[in-house]
Amino acid sequence: MKAIKKLTAVLLIGIVTMPVMAQKTMDDMQYLTINENVTTVITASEPVRFVDISTAKVVGDQPINNTIRLKPKEGMEVNHDGDVLAVVTVVTERYRTQYALIYTSRMNEAVTEKTIALDERVPYHNPAVSMSTEDMTRYARQIWSSPARFRNVSTKMHRMTMRLNNIYSVGEYFFIDFSVDNRTDIRFDIDQLRVKLSDKKTSKATTAQTLELTPELVLDPTQSFRYGYRNVIVLKKMTFPNDKILTIELSERQISGRTIYLNVEYEDVLSADSFNKAILMEQ
């Protein structure tokens, strides 16, 4: 009986102390020393979705999707060495981390570059992210290297052929695989890759309704090709009526300014295969 009471007491102590152990204080945070004459750059391993700087003493921006820049705000009251100016919270697609920003008057002590380390990442389920960029890229690469399943969806212009290779459905996304064959000796320098949803037919009396779509991912950032080009774009899943058409348009930089486009019918979208490795192995 005494043993049971002792075990119950231990369990209760464990339950009471668990939330306390899960808490974090300033003493548990990684410190970054900053100076008003030095830009501190923090780099994440994946796209940053949210940044919070706890006070107005520090300013920052996000020049690219996985990088933020920080610097003490000029014109504020005099700062002293060791002052905690702010706490910065960085939230990515799958983890979050926090740093206490400590002021130093000595430029040579300021952190210029910081990569978020593995042991500084707290796993985080971001409700705004149903698929990480890393997973999306992995799927797109597998699809890019898979055999073409569509043979009859193509457009010929300017001695070039643009064709649809595959459409796959993965979770909340469509993966559209297309390619361009250039049968000229003129290199094609890409100006824009655009995706549009527009009316199939428009009369002179009506205004064409065109909706520009922004891909969630464009696998290959190549800006130029000589003979062959292949890419995979990822779009959020959508439905559209039969009087609409999905257009992928590739335009060239001036002076030549060639443009080629591919129209994808709703029936083709409906025939998208669910992604799995067995499909990719089919010939």
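Colleague: Which residues have the most contacts inside the largest nonpolar core?

Modeller: Leu164, Ile167, Ile176, Leu246 and Leu250. That core has 30 residues. Keep in mind that this is a predicted model.

Colleague: Which elements each supply at least two residues of this core?

Modeller: Strands β11 (160-170), β12 (173-182), β13 (188-199), β17 (228-236), β18 (244-252) and β19 (259-264) do, and so does helix α3 (266-270).

Colleague: What does Leu164 touch, not counting residues up to four places away in sequence?

Modeller: Its contacts include Phe150, Val153, Ile176 and Phe178. Asp177, Leu262 and Val264 are also touched by Leu164. Another core, of 17 residues, lies apart from the largest one. Val58, Leu85, Ala86 and Tyr103 are among its members.

Colleague: Now the strands. Why is β7 described as largely enclosed by the rest of the structure?

Modeller: Buried means under 20% relative accessible area. In β7 (residues 95-103), 7 of the 9 residues are buried, so the strand is largely enclosed.

Colleague: Which strands pair with β7, parallel or antiparallel?

Modeller: Take them one by one. β1 (residues 30-34) runs parallel to β7, with 5 bridges between them. Here Tyr31 stands opposite Ala100 of β7. β6 (residues 84-92) is antiparallel to β7, over 7 bridges. Val87 has Ala100 of β7 as its bridge partner. β9 (residues 122-123) is also antiparallel to β7, through 2 bridges. There, Arg96 stands opposite Val122 of β9.

Colleague: How many residues does the hairpin use to join β6 to β7?

Modeller: The hairpin joins them through 2 residues.

Notes
Residues numbered from 1 in each chain as written. Predicted model: local features only at pLDDT ≥ 70, side-chain atom pairs only at ≥ 80, totals over all residues. Heavy atoms only, no water. Core = buried A, V, L, I, M, F, W, Y, C linked by side-chain atoms within 4.5 Å. Buried < 20%, exposed > 50% of the residue type's maximum accessible area, 1.4 Å probe, protein only. Helix = DSSP H or I, 4+ residues; strand = E, 2+ residues; numbered from the N terminus. Contact = heavy atoms within 4.5 Å. Pairing = 2+ DSSP bridges.
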